[in-house]
Amino acid sequence: MASSRYKDKDTGVVLSFNGQWISWTHTVVAYAAFLSALIIGCALHYHKIVKNEWYGYPDEWFPSVSATIGDRYPERSIFMIFIAITSGPRFALVGLWYLLTAKPGRVLPKAIAISGVIRTLTCGGWTYITSTDDHDWHDILMILYIVFTIPWTTGCIALSPPNAKAIKYRKWIAGSFFGTLIPLVYFFIQHKVHRVAGAYTVYAFFEWALILFDVAFDAVTALDFDTFEVVVKDVKGASKGANASSVTAAVLEKEKEKATAGVYSAGFNLGHALDIAADVYHGFVFWSTLTSLGLVIWYFPLWHMGISGYEAFVMATISPVLLGIRPLRSLVVNNQRLFHVLSLAGLLAYKVHDPVYRLFTVGFSVFMGCLAWAATWSSDSVHPSRLESRVIAWLAGLLMSSIAKFAWYTNNPIWPVMHAENGGWNGTGLVLAILAVLRFTRKAPLNSWGVGEQKNGSSLLSAIGIGGLFFAIHSLLSDTSTMILWVWGGYPVRGPVSNVHAYYTIAAMTGGLLIGVFRPGMVTNWTAYGVACVGAAMLTLYEQWFGYYGALILTTYLMAIAVPLISKAAKKNPAVTFGVGFLFYNLLVLFHVWVVAYAFVPGGPYVREHTDWIMITTMLTIGAGVFDLVSGQASHKYAASTDRRSSSFGHRKYHVGVLGLLNILFLVANFLRFPSYDYKPYHAEDRLFTAGIWTIHFSLDNDMWSSEYRMRDLIKELEVDVIGLLESDLQRIIMGNRDTTQFLAEDLGMYVDYGPGPNKHTWGAALLSKFPILNSTHHLLPSPVGELAPAIHATLDVYGSLVDVFVFHSGQEEDPEDRRLQSEYLAKLMGSIPADRPAVLLSYLVTKPLEGNYNTYVSDISGMHDVDYMDWDRWCEYILYKNLLRTGYARVSRSTITDTELQVAKFIVPKDEADKGRIMSASKEQRDRRVEEQQVPEGWRFPALFRGEGVRGHHYHVFDEPRYYFYF
């Protein structure tokens, strides 16, 4: 502590010291808290604190921060004492920083000071409330601390006084801090998901690095606080803007603006921020409505088992062609508020219970939405800044839609198939949408007669490019798991996983959009287009990480090229660029349905299984738009560059802020959804597992509601440990780009194999298991005429024994040769496993018991036995097994969830070779000997809940009760 140099001049000052001592005190005490805990912990409890849930010493040899400061005495107590001491200098540091940076009329210093206070309080929260005390609150406070670190760090850089050394240190330390997050997450996934020995030790080093960088960033304030004498006296005038550096203030301001991407370079205006928020939310509403159209259309051919006629509603998107009629164009442009408000009808569709009228409501909403947005873009095309703001909002709305779907397990909370009973937030979404649309449309239209429409280039080429672009971003980017499932190849995991790695897609979308806004020249050339084509080929042709790298390349390009493509299209005749553009979009939508539904649609066999053709067509159509862009670049290059430098583009900082907030919200959802992998079977004490097979009809119930919650309830109440789901591939526009298995697996605590991906042209087969899936392979069985028959062959670790599970969906009744070939293929596959290995088939066979192909599935070749050969009333679903003790079998009615019942069977896994020998040597009469329920142990019984009338329309049916078997 230094005595004041001004004590003689100010006799009232008894004690004073330089402000930098607050920074140094904070730094020393904070480091002492962590380092003392580390030293004491290693000295007293080394082997305990380096141990994690998978490994201990010597595989893991360095403790994580959380293990070090966790629950052990005395290190936890010493750590808390030092942290308590740190709080005083910490609050003083935040206060001095505000005094240093506050200027009259500036809002940013106040905002950064508030974030600093909240950050300090949340630090105390996760420090004093450990995960053992309260896991949820510990995680919530930790997330809040990380979230508020972002504005604190960037804000401090932006507000830095003109001190070249301090600015340089802040940039380097902040970059190191955020750069460390990437390997930190990578090694955490290696530890948590892949269970790699030693990965947690590497993770621990990066975690400690974050602590060092975090404290070091605040230590830099010592270089600025020497201007203060406490009690508080400004001795150098830095708070008045004086520049004590040899570097000019203009240069330093430019450095700060560059480090923060100009986000804080202009004053904050609440009205402008609300405008941008409203625009983005309105874009989110458009994408929510558009992505729901295919889903409500799909309901009808699904129940008609063929073309229903309602598919014509897909053409609702071509409404912008009406803008080619001059009076109508004037009407729409001059009454944009009316048409945008009408486009909200889709958010009210959940109140319409008749599926036909609900479809009409959504179709009307999409019709109005496409018309209104095209009119808005065309009207705003004479004002480059306003047009760019609208385009960014529309694309950010897509990003927000994808994030909302991730948070709601691939459903959108404001879709018309959602309501309160299945997790919908329709009412809240509607209220926000009304507020947003009123603000979105509060500015007067700029151009209603096509004045300023560009004559250069081709409107048709632009329309083709728009069609390809809209299809690509809808089919690939409207859900974060779509492309991950394209490259999914089974277990062991060798590629990205939807609930762990989906943020990479969000990051690529965000980065691509920023490139399109700030550096459009990077993508408006043939080189970038060629790179994107390579990425598309990688995604189409390869699995695992290599395929996903191609997906990220393509994602970045699509979001980047969207900005100039839409902006250019808006300056031409909107009836052509958007009306005809949506027509090309619709043709591609139908094309990508035809490749899988070829057995049910006219001309289907000609495009059967040709996703590669769709990708080629998509990239060629986008190429047409790029050609139009490139050909018109030269004459407009100067104008464009002038516009980009204009100060009228102040909206960008608000858009960057919104994008940052959306990314943070995604990361919070990602953290909350991170899998625990500590799943437990229902009856481990009996070595029993319950297996089931269910055709879920694409997760739409009889009344057009999303059915995941109802499926979850039935599966949980029946205590199913292993279940095969059929008709489960929902990753297409017409099905909403969904994945039911994510919700079921995470809510029920199960491992999941999605099965053959959406680019494999099947209707889907998935496996969920309480037991670890050690290995799985996907098969497409012979289907020379009809639809492809998917199968999964998985090996599970069931109570320490290997058990093989097969999930299979046979071809249609109309294709007997397909079904014969498939039965032979699957019988050989089931017979190829080791002769003494237990196995279960969960299947949809399309055959009568004891007839035809049944005798191929149940044969010496497969070695499989029917779960109950006396159950004559079967045609579709069958459960077969071998080398297991089958103890029970039941058929449970579907209620209105789907069109097929749920079949379940209970099996005991042999505990030793003697057990296995008795099971394998049992005669048919022994295996099929029936017993009464009272003769089997209670843990082997099916729930009594479903006897009689059951619950919610589910009850034991056909033979009205479970059947039990026992021969030991």
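Trainee: At what angle do the axes of helix 15 and helix 17 cross?
Mentor: Roughly 20°. Helix 15 covers residues 384-407, and the two axes come within 11 Å. Keep in mind that this is a predicted model.

Trainee: So are they parallel or antiparallel?
Mentor: Roughly parallel, because angles under 35 degrees count that way.

Trainee: And is the crossing left-handed or right-handed?
Mentor: Right-handed, as helix 15 passes helix 17.

Trainee: How does helix 17 cross helix 24?
Mentor: At roughly 135°, with the axes coming within 7 Å. Helix 17 is residues 459-477, and helix 24 is residues 611-631. That pair is therefore oblique. Helix 17 passes helix 24 in a left-handed crossing.

Trainee: Let's move on. What about helix 6 and helix 7?
Mentor: Helix 6 runs over residues 164-192 and helix 7 over residues 199-219. Their axes come within 8 Å and cross at roughly 160°. That makes helix 6 roughly antiparallel to helix 7. The crossing is left-handed.

Trainee: What kinds of residues make up that contact?
Mentor: There are 18 nonpolar residues, four polar and three charged in the contact of helix 6 with helix 7.

Trainee: How many salt bridges does the structure hold?
Mentor: It holds 38.

Trainee: New topic: the surface. Which residues make the nonpolar patch?
Mentor: Y128, I129, W137, I140 and L144. Together they make a patch of about 430 Å².

Trainee: Which helix gives the most to that patch?
Mentor: Helix 5, residues 135-159, with three residues. I140 is found in that helix.

Trainee: Now the backbone. Where are the cis peptide bonds you wanted to show me?
Mentor: One joins Y57 and P58, with omega about 10°. Another joins Y491 and P492, with omega about -5°.

Trainee: Why flag them?
Mentor: Because most peptide bonds are trans.

Trainee: Where do the two prolines sit?
Mentor: P58 is in the loop between helix 1 (20-49) and helix 2 (65-68). P492 is in the loop between helix 18 (482-486) and helix 19 (498-501).

Trainee: Last one. What is the phi of Q544?
Mentor: Near 60°, which is positive, and Q544 is a residue other than glycine. Most residues other than glycine have a negative phi.

Trainee: And where is Q544 found?
Mentor: In helix 22, which covers residues 544-570.

Definitions and conventions:
Residues are numbered from 1 along each chain as its sequence is written. This is a predicted model: local features need pLDDT of at least 70, side-chain atom pairs count only at pLDDT 80 or more; totals for chains, interfaces and linings use all residues. Side-chain values use heavy atoms; hydrogens and water are left out. Axes are lines fitted to C-alpha atoms, for helices over the stretch in contact, and angles run from 0 to 180 degrees between N-to-C directions. Helices (H or I, at least four residues) and strands (E, at least two) are DSSP runs, numbered from the N terminus. Angles under 35 degrees count as roughly parallel, over 145 as roughly antiparallel, 65 to 115 as roughly perpendicular and the rest as oblique. A crossing is left-handed if the near helix is turned anticlockwise from the far one by less than a right angle, and right-handed if clockwise. Ala, Val, Leu, Ile, Met, Phe, Trp, Tyr, Cys and Pro count as nonpolar, Asp, Glu, Lys and Arg as charged, and the others, Gly among them, as polar. Patches are made of residues with over 30% relative accessible area and no salt bridge: like charges are joined within 9 Å, nonpolar side chains (Val, Leu, Ile, Met, Phe, Trp, Tyr) within 5 Å. Accessible areas come from the Shrake-Rupley method with a 1.4 Å probe; for residues, only the protein chains shown count as cover. A salt bridge is a side-chain nitrogen of Lys or Arg within 4 Å of a carboxyl oxygen of Asp or Glu.
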